[in-house]
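Take a look at the model first, then the contacts.

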Amino acid sequence: MTTTPLVGDIEPIVPAAGGTARATWRSFRTEPLGLVALGVLLVLVLVAVLAPVLTRYPSGYGDHVLAPPTGAHPFGTDALGRDVLAEVVWGTQQSLLVAIASSLIAIVFGTLVAVVGAYFRRLDGIVGLVVDLVLSLPVLPLMILVAALVGPSTATIILVVAAFSWPEVTRLVRSQALTVVHLPYVDAARLMTSNPAWIIARHIVPAVKPVIVVSVVVTASRAVLSAAGLAFLGLGDPSTWSWGRILYEAQQSGAMSSAWWLTLFPSIAILALVLSATLLSIAYNDARNPRNRRR
Amino acid sequence: MRTRTSALIAGAAGLLLLLAGCAPEAPHPAGSSGSAGGASDDTLTIATTTDVVNFNPLIGNSRSDYWITNLMYPHLLSIGNDGKKKAELATKWGYTDTTHGYYDIRDDMTWSDGQPLTAEDVAYTMNAVKQDAPAGTYYGQMAHFASAKAVSKKRVEVTLTQPDTSVIDEIGFWGNVVPEHVFQPAGSVAKFANDGSSGGWVSAGPYVLTSKQVGQSYTLERVQHYPLAPGGTPGPAKVVYRVFPDVNTEILALQSGEVDLIANALPPAQVKQLQNAQGITVQEVTGLGYAHMTYNMDNPDLAKLEVRQALAHAVDYDAIRKVVLQGQAVSTGSSPLMPVLKDYYDPSIKEYSFDTKLARSLMEKAGYTADADGNFPVRFRLIYSLQDTVTASWVQLVKDDAAKAGIVIDLAWSERNTYLAQTNAGDFDIYAGNFAIMDDPVTNFTLAYLPKGSINYTHNDDPTLNDLIEQASTQTDTAKKISIMRKAAKLVHDQVYDNVMYTQNLYFAHSSAWTGFVPEPSELLSIVNPISVSSAHKR
Amino acid sequence: MRLGRGVLTIWFAVTVTFLLLRLLPGDPAQAVASPTMTAETRAALLAQYGLDKPLIVQYGIYLGQLLHGDLGLSFTQSIPVTTVLFERLPWTLLLTVTALVLTVVVGIPLGVLAASHRGRLLDKVVQVVGVTGQSIFVPSVGVLLLFAFGLMLRWLPIGGAYDVGVYGVAWYGSVAEHLVLPALSLMLVQLGSYVLTMRSTLIDALGEDYVTLARANGLPYRRILWRHALRNALLPTTTLIGLQLGFLVGGAVLTETVFAYPGIGRGIYEAVTQLDFPVLQGAFLFLALTVVVANMLTDIVYGFLDPRVKSA
């Protein structure tokens, strides 16, 4: 009940003096998969930011419903004749927002709990227990339950995904933090100051930073899939374009197999985001791991 | 080492046992009634998107519940394409005086366990529903019902608490008849699950349920004798309902021939697609309900007639019918008396025109001044249900159109149950939704426009309208009743107490290998009504 | 101790579900009755469900029932919750266990392959394949698979768990046929975790001293890999299986929806739309139980794989 390595194991490492980051980057640069993943992510972020420049916001209705891709509509049109390309572009914004917001909340909360737990030994037992208990809850069914009862909206989705992601973060960060709190320099710091916040901020958080980076990526990409899944079950935000909403509307109009463009393009977008985020975290992990660097 | 190995083996064996204990159990062929006298050995496989929730027809509310129980528990009356009630179990029905009605029933229907279906069953069902108040639609029709009595094997007499010239039709149409000898020993009809756990089901319809696998299929077998089927025996030997939660999979299964018919109405965008598909026939079925918006008059802005008129004129109804419904809907002329109710429909009532200029001037007339951006200082919250996908599509257009007239509409969606709670609590400014079956104008007006009506979402209380509806509900002369109802409808239209937008015509797809279906109006009856299913046959 | 932990886990899941259902908005009477119901009908329904009592009393009654093994009656179906759940349970277990076995059978060799070709092209390909599986949106791929294998090629059936009206040996064949696509999709989704876990733990294990020692002693590489390193690398994989089993049983909602498979995940979704509190409580209780059982099994397997744990 204690370990779920999702992206391989994160090895406990002792933060060495400066230069680690640079060494990591140097190693990372030789990793083509990581670089491609980073590139894809950057493109997606650009698309999200530049959405207003790239396409008109999809609204109203069009004359040709369910038209296959043409020059005018490179991704075809949906059941109300709206441009699918515009929907995917604007959907990027929403999907990235959900991913980033929910993973940030989960990371901040999860890290806080983990670090405080690791520092104050008396709390650690409770933290460990709570994390284990929450981790054993069925995540997707509970998300469905809460989203349906509270009412589907972007805020609900972000909060629901965050609420069920933090224990995973806590678990990862906690195991890393526990290896640090016993190191001599932390003990030394304890002697120098009685302010735990300072020690936590100065010594423990930096030590768990790499784990956090990986967690951000993993949580964010999971958030994208969870949000799309919820939207597909009719529990998404119906007023804002997201990839999940495009798929949901395709499903509702029974067009998923006949109007393949409605299914294909948002699915590719989801795949691109999640895949590149995951590959990026693997590459980062490999680059950071001195054992891998040695070869 | 050896102990560990044997422990391992024991553990593995234990696990296997555990799994075997939970493993799916293979079904056994049911004692089939055989095909003696049957028209064919064919199985008609029907797809539906939901499971049966409750096998008790007096409780069940979902479509699958209705479709499947409707093949077993006959209704006294059915409805024709002209919107008029027609005979099913009852052969004659009507009133003996203002507070007494009657049904004469067929004497050739029997329950599948051999017991005859008599007037006793009919009277028992009505009285039990009145007494136990099961949660289904049936009980909602019983407001003016006092009691029923079987005066002979063929005749049931009903006593009313007050004059009501619709209730005999409505009880006859909405109420199933259940076997007294099965339901009565089970206690309250509001709690009886009728899930076949005590010796299977007993049917007086063309088919009887013989087995079920929740989440996947419900198998019904033909009864020997069903007087309403051509030749007295149902055609297909078996009817299998299969559950496909996703409409896309449902369509794929129809195309691959795995199912013969989809019981759910097709999404509007799929109709043309499937009409052109080879081997698939698309059948049109008359709609019997309407989609509408109501404006909550408890809101001081919406209490003003001009504001309601402005909103009504700020909707492009044509575009909604053309795009969202793909032309598969007819205008009702913004009147609650739909064209399908041929006798009642009044063509002189015209639809609210889409005219944002007019809407603006109406707003000004109501005393509002637009700001520099052309927006009036009002904001309305429109609620709708996410499960209602057609409505969910057009509310976007309603919002966009209203914005052109300078009126801001905020969309407030929710999951169906929350939405229903909001409508009941009056927690909205504008309500958008639809009713699948609005078969009887007087009943519907009573529910929708009288102050205590359970679907009076406008919260209106207009003495003139109240009076008209009361008059109509006791009026025995049909022609007079119609003229009163037309007056009432005109009032509803002119005062914008309701904004009825269209009646959706429904389309159902089935394999071209099958033919002989007998469509009846609405999605509940469509081509899966008992007569249609028992008349179907392979080409 | 272990038992206590298990009971605690189940209590926690049950309590969370109980509280969520009652503290969040949602009116079960609304879901059962027709929209035209009156206030009296609603009050009567709530009283019938016991929802008119104070929260703490409801909780007490509920826990009391649980201790007697009574999960209550379904609001909408008027039958015992256990009956509702047990109709779907076997299919969920069949699908989950099949998918899990497939994943392990495919995932472990792939992980070994990647680890032993570390840094080379094969390693990258395996990694990308694994991660791609994790990143797909199940319904899209599901519809694609159904379209290709069900409609175009006609190799496999579309939807359901078996053909109605098929009995005996043919029935088992039909069950197997219907299982292929949903199990395949579930496998695809999980494969990544196994491949990556296997790969990274194996890489670590191959760097351990005893492996170096064994190599120095002239043991063939293959033998070291499969006999020694793999044994150690299997530990985290075992943990993963235990955890995933719990997730899979209730979490295959999307797969079950698209493939029309009569599983418990879809059952939960439907109970949510009907606000059927007792069924939801029962389902979540059952899922927690699965997690506890899976963890106990994991511990047992762990004991066999890792001598250190056994001696402890």
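Between chain A and chain C, 41 residues of chain A are in contact with 48 residues of chain C, where contact means C-beta atoms, placed from the backbone, within 7 Å. This is a predicted model, where local features need pLDDT of at least 70 and side-chain atom pairs count only at pLDDT 80 or more, while totals for chains, interfaces and linings use all residues. Residues are numbered from 1 along each chain as its sequence is written, with chains lettered from A and ligands numbered from 1 in the order in which they are written.

**Chain A against chain C**
- On the chain A side, helix H5 (139-150), helix H9 (196-235) and helix H11 (260-288) each supply at least two residues; helices are DSSP runs of H or I, at least four residues, numbered from the N terminus.
- That side of chain A splits into 29 nonpolar, 9 polar and 3 charged residues (nonpolar: Ala, Val, Leu, Ile, Met, Phe, Trp, Tyr, Cys and Pro; charged: Asp, Glu, Lys and Arg; polar: the others, Gly among them).

**Chain C against chain B**
- Here 55 residues come from chain C and 51 residues from chain B.
- H5(C) gives the largest share of the chain C side, 8 residues.
- By class, the chain C side holds 32 nonpolar, 17 polar and 6 charged residues.

**Inside chain B**
- Chain B has domain 1 (1-30 + 73-204) and domain 2 (290-504), with bounds from an automatic or database domain assignment.
- Their C-alpha centres lie 35 Å apart.
- Across this boundary, 12 residues of domain 1 are in contact with 12 residues of domain 2.
- Helix H5 (residues 167-174) of chain B gives the most to the domain 1 side, with 3 residues.

Key:
Contact = placed C-beta atoms within 7 Å.
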